[in-house]
Amino acid sequence: MTLIIYSSVDGQTFKICNRLRDHLIVKNQEVELFSIEDFNKDVTDFQKVIIGSSIRYGVHNKKIIDFINSHKTELNSVKSAFFSVNLVARNSEKNSPETNPYVIKFFKTIDWTPTIVEVFAGKLDYKKYKFFDKTMIRFIMWMTKGPTNLNTEIEYTNWDKVNAFYERIDTM
């Protein structure tokens, strides 16, 4: 059985997790999908564990970090995958685990080495954000030469790359 745990601020990480779950179900695998807030099972009840987390203001969700730190022994005893979803990954020079600054920083702060690590670009949708987030994300986009028009809605997620990630999970 495969466990998928996620943290999603605006829904893109959740969308990727649902695609992953659907793919695994088509491959006749049993899958359980949980938000980090709702997970209350034993990690060792699963043969594979996949953790997906979005970024907000340069950091992954604290509950994801705490979960990994408190379950690292169990996570190290099963096949595991981690993926990060962030807008910085829209840039080709920052869209791999080896080049994405948030993923690099993340793995320097935790003591866990998943079997597979991946990075996906997220979705930019100014209309969906609250005032503070809209202002901050727009400022970050301005600094990184991204779109700042408040009507912008761009899904940067490369679904072919997500599909390739699914295939890697199948063989793990």
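This is a predicted model: local features need pLDDT of at least 70, side-chain atom pairs count only at pLDDT 80 or more; totals for chains, interfaces and linings use all residues.

Colleague: Which residues other than glycine have a positive phi?

Modeller: Most residues other than glycine have a negative phi. Here, Asn28 has a positive phi near 65°, and Tyr57 has a positive phi of about 55°.

Colleague: Where is Asn28 placed, and is Asn28 buried or exposed?

Modeller: Asn28 belongs to the loop between helix H1 (12-26) and strand S2 (31-35). Its relative accessibility is 73%, so Asn28 counts as exposed.

Colleague: What is the setting of Tyr57?

Modeller: Tyr57 sits in the loop between strand S3 (48-56) and strand S4 (59-60). Because its relative accessibility is 36%, Tyr57 counts as partly exposed.

Colleague: Which residues make the nonpolar surface patch?

Modeller: Tyr57 contributes to this patch together with Phe131, Phe132, Phe139, Ile140, Trp142 and Met143, and the patch covers about 830 Å². One of these residues, Phe132, lies in helix H5 (residues 131-143). Phe132 has a relative accessible area of 54% and is therefore exposed.

Colleague: Why is Ser7 classed as buried?

Modeller: The class of buried residues requires a relative accessible area under 20%. Ser7, in strand S1 (residues 2-7), is buried because its value is 3%.

Colleague: Which residues does Ser7 touch, leaving aside those up to four places away in sequence?

Modeller: With that exclusion, Ser7 is in contact with Thr13, Ile36, Gly52, Ser53, Ser54, Asn61 and Ile64.

How values were computed:
Residues are numbered from 1 along each chain as its sequence is written. Side-chain values use heavy atoms; hydrogens and water are left out. Helices (H or I, at least four residues) and strands (E, at least two) are DSSP runs, numbered from the N terminus. Buried means under 20% relative accessible area, exposed over 50%, partly exposed in between (1.4 Å probe, protein chains only). Patches are made of residues with over 30% relative accessible area and no salt bridge: like charges are joined within 9 Å, nonpolar side chains (Val, Leu, Ile, Met, Phe, Trp, Tyr) within 5 Å. Accessible areas come from the Shrake-Rupley method with a 1.4 Å probe; for residues, only the protein chains shown count as cover. A salt bridge is a side-chain nitrogen of Lys or Arg within 4 Å of a carboxyl oxygen of Asp or Glu. Contact means heavy atoms within 4.5 Å.
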